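Please look through the sequence and the structure shown here before reading on.

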Amino acid sequence: MRIRLNASMIAVAAAAAVVGAAISASVTQSAGAPAPRAGDIAGRPNFSGIWQANNEAHWDVQAHAARPGAVMQPGVYPFEYAQVAAAPVVALGAAAGVPASLGIVEGDGEIPYTPEALAIKKQNAEHWIDRDPELKCYLPGIPRAMYMPYPFEITQSTNKIHMAYAFATTARTIHLDEVDPPPADTWMGHSVGRWEGNTLVVDVANFNDKTWFDRAGNFHSDALHLVERFTLATPDVIQYEVTIEDPKVFTRPWRISMPIYRRMEPNMQLLEYRCTEFAEEFLYGHIRNEPLVKRWEGETMIVDITRKVPPGDKFYEWFRK
Amino acid sequence: MRTRLVIVIGVAVVIAAVALFVTLGRPGATGAASGQTGPAPETSWGEPDLQGIWSYDFEVPLQRPARFGNREFFTEEEQATLDKERERILNQDDRRYERGSEQDVGGAYNAAIFTTHKPTGRRTSLIVDPPDGKIPPLTPEAQKKRAEIREFQLALLQPTDVCKNNLQGCAGGKFGPVSPRRAETPPHYLTAAGAGGPGGGGGVINRSDNPEDRSLGERCMAAVLPDFGGNTGFYLQIIQSPGAVSIFYDTAQGQGWQRVIPVTDNPHLPSNVRQWWGNSRGRWEGKTLVVDVTNFSPKTYFQGSYENLHLVERWTRLDANTIEYAVTIDDPTTWTRPWTVKQEYNKQNDFANRHYKEPRCHEGNYGMAALLVGARAEERAFAQGRGPNPATMCTAGCGGFNAGFGDTGEESNPLTR
């Protein structure tokens, strides 16, 4: 009896708090809530705007030295550190390299893979072009969408926060109110948010096992569970931290963190990157009536890379002689 | 109370519907919000509140059937008669084309997937201007473009059964030998099955040499602005912040898309920057969000219009459960005058959250790969003398039951007849 009474009192208090929050952002603050600031939404920091991470985590979340190509092959020396760019990216020259990074993994920088999972990660890295869902323009998942080299836009309201990502024109909704969970596993996860003071804490689950963390083959299973923390470090910087848990793949939870910056350009807006179309040649080029694929060697398709030297190009003159 | 079944999108629901008796009932039972309504709310920062999950609960044809002239509303009797007639057609067990024909195969797919039907609404057409409820005539320039696409479509259809049997898909053409045009590049960028005129279902042209031969729908890029629903219906999710209105369109079998409309006086994008869904600029006029949309891509297609499409959308929350969406559609290179469409959106249950940003069409698009692999296999078989000439087989514009209705006559949809 007493328990029921308490529960109903809490429900009434919660309903009153919601109504109060909806009526005014600035008149009254409930106990423990932060002091009001201009631009707040219902008394909470407003993350609305266009944002983008500015780091190398989309290549590899772990600390790494620069390398000459996203796909490499042995060069003249037998050493791993002396590899050169391989055919799939060689036509891109210095634009195909991978920049060095301090990484975003906290602590010792290691991802605590189980031995079996570590073997899969290494295979993923070797077969990057064939396995990375990004190249197929599949939904990137969370947290990867947060630090891909594309902007995203936050539209923050009182009960929902919408995140719209330029890549693949995908999106997720962070539910601050209670909703029915999704009927099936998802690429982008099911996000449920709450406030801890000025920090937005988002619990993300209901993932499938098809998304990656980066272009280095770091992966997870459908048991992935994230706790994200968004804090405004300055009006134009979000401090973003994620605790990553997946008992099928990792031996313990691990954390990533990074600043995410506001895009400050005048008239900045989210533009389309509808890569479904851009991935068609990649996905279906080999089954065209007249494909670019030159020949097959077993399961491998061979596509010639040709480069036309512009007539009169001085750089290649001596080379041609 | 008789059992009511409102069929909404979702493959699971559709599969169930195939086995059940289709009844066009008034909404309320499924995802829709309760029948009670109240005044239009405001956000905590004092702007009109458009937020929530929205769909439309009634089916209204885009264009008014000619027999209703300039009349804007059906009588209740007419609504009931139309629903009865639609139920009759949808519930015929044996409405099939000749077994083994390409139309029968096409119809089977459509019957299993696209039987999304809602009860008939009060309006006789979504188009409120011009007064006849019809899309204005095409300009000579647009007619020429459409005719060129149609001519190419017919050239590729002419050696198939569709033309041999003089079916609707061959309208304007006649049976003939394999055309040398089959090897040509299409005269315009291909988009939707109807881009050249009549002929529904499948790709745009009867050829699968490349993914670009197929329709934007088969390429998982069907979503258009403006979107009035069509065979798959839609659910919109609107979330607002001061200065922005974000909309995710859950539409076209997992081909959903999103737009974040900035509320701003800033200018549109430079004219060389073109986008599939254009460039939106919003402003509040009293209780109404007015959105100006320009900068469409030459690859977009809306009822004959491409990159010169210009929309002025007006979003108004009429009451707690209703948004009125009005859009004025203009393209002087395509139509002889602007036209205006009005649609009412009904609020859906927030807790049920029936709004899916996935599974996405593209991630599961085995269809495109299978279509192209199949076409290559047919070509090999023909070259080895093991099969018919693929040019004589129909994979696009073949006709068949569309969304459960026939192409013409008594079996066609009485709302679009």
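## An enclosed strand in chain B

In β3(B), 8 of the 8 residues are buried, so the strand is largely enclosed by the rest of the structure. Here a residue is called buried if 20 or more other C-beta atoms lie within 10 Å of its own, exposed if 12 or fewer do, and partly exposed in between, with the C-beta atoms placed from the backbone. Helices (H or I, at least four residues) and strands (E, at least two) are DSSP runs, numbered from the N terminus. The model is a predicted one, in which local features need pLDDT of at least 70 and side-chain atom pairs count only at pLDDT 80 or more, while totals for chains, interfaces and linings use all residues. Residues are numbered from 1 along each chain as its sequence is written, and chains are lettered from A and ligands numbered from 1 in the order in which they are written.

Two strands are said to pair if DSSP finds at least two bridges between them. By that rule β3(B) runs antiparallel to β1 (residues 52-55) of chain B, to which 3 bridges join it, and within this pairing Gly52(B) has Ile238(B) as its bridge partner. The strand β3(B) is also joined to β4(B) by 8 bridges, again in antiparallel fashion, and there Gln240(B) stands opposite Val245(B). The strands β3(B) and β4(B) form a hairpin with 2 residues between them, and Gly243(B) in the turn has a positive phi of about 95°.

## Another hairpin and a helix

Strand β6 (residues 279-285) of chain B is joined to β7(B) by 7 bridges, and the two run antiparallel, with Ser280(B) standing opposite Val293(B). The hairpin formed by β6(B) and β7(B) has 2 residues between the strands, and Gly286(B) in its turn has a positive phi of about 60°.

Helix α2 of chain B (residues 76-90) has 15 residues, which at 1.5 Å a residue should span 21 Å, and this agrees with its end C-alpha atoms, which are 21 Å apart; the expected span is 1.5 Å times one less than the number of residues. The buried residues of α2(B) are Leu82(B), Asp83(B), Arg86(B) and Leu90(B). They cover an arc of only 100° around the axis, which puts them on the same side of α2(B), where the arc is that of the directions from the helix axis to the C-beta atoms. On the other side of α2(B), Glu77(B) and Lys84(B) are exposed.

## Backbone details in the loops

| Residue | Phi | C-beta atoms within 10 Å | Class |
|---|---|---|---|
| Cys220(B) | near 65° | 23 other C-beta atoms | buried |
| Asn295(B) | about 65° | 19 C-beta neighbours | partly exposed |

Cys220(B) is placed in the loop between α5 and β3 of chain B, whereas Asn295(B) lies in the loop between β7 (288-294) and β8 (310-319) of chain B. The loop between α5 (161-164) and β3 of chain B also holds Pro226(B), and the peptide bond from Leu225(B) to Pro226(B) is cis, with omega near 0°. In chain A, the peptide bond from Ile142(A) to Pro143(A) is cis, with omega near 10°, and Pro143(A) lies in the loop between α4 (128-131) and α5 (144-147).

## Where the chains touch

How many residues of chain B are in contact with chain A? There are 38 residues of chain B in contact with 40 residues of chain A, where contact means that the C-beta atoms of two residues, placed from the backbone, lie within 7 Å. On the side of chain B that touches chain A, β3 (234-241), β4 (244-251), β5 (257-262) and α6 (366-383) each supply at least two residues, and the largest share, 5 residues, comes from α6(B).

Chain A has 8 helices and 13 strands, and 34% of its 321 residues count as buried. Chain B has 6 helices and 10 strands, and buried residues make up 44% of its 417 residues.
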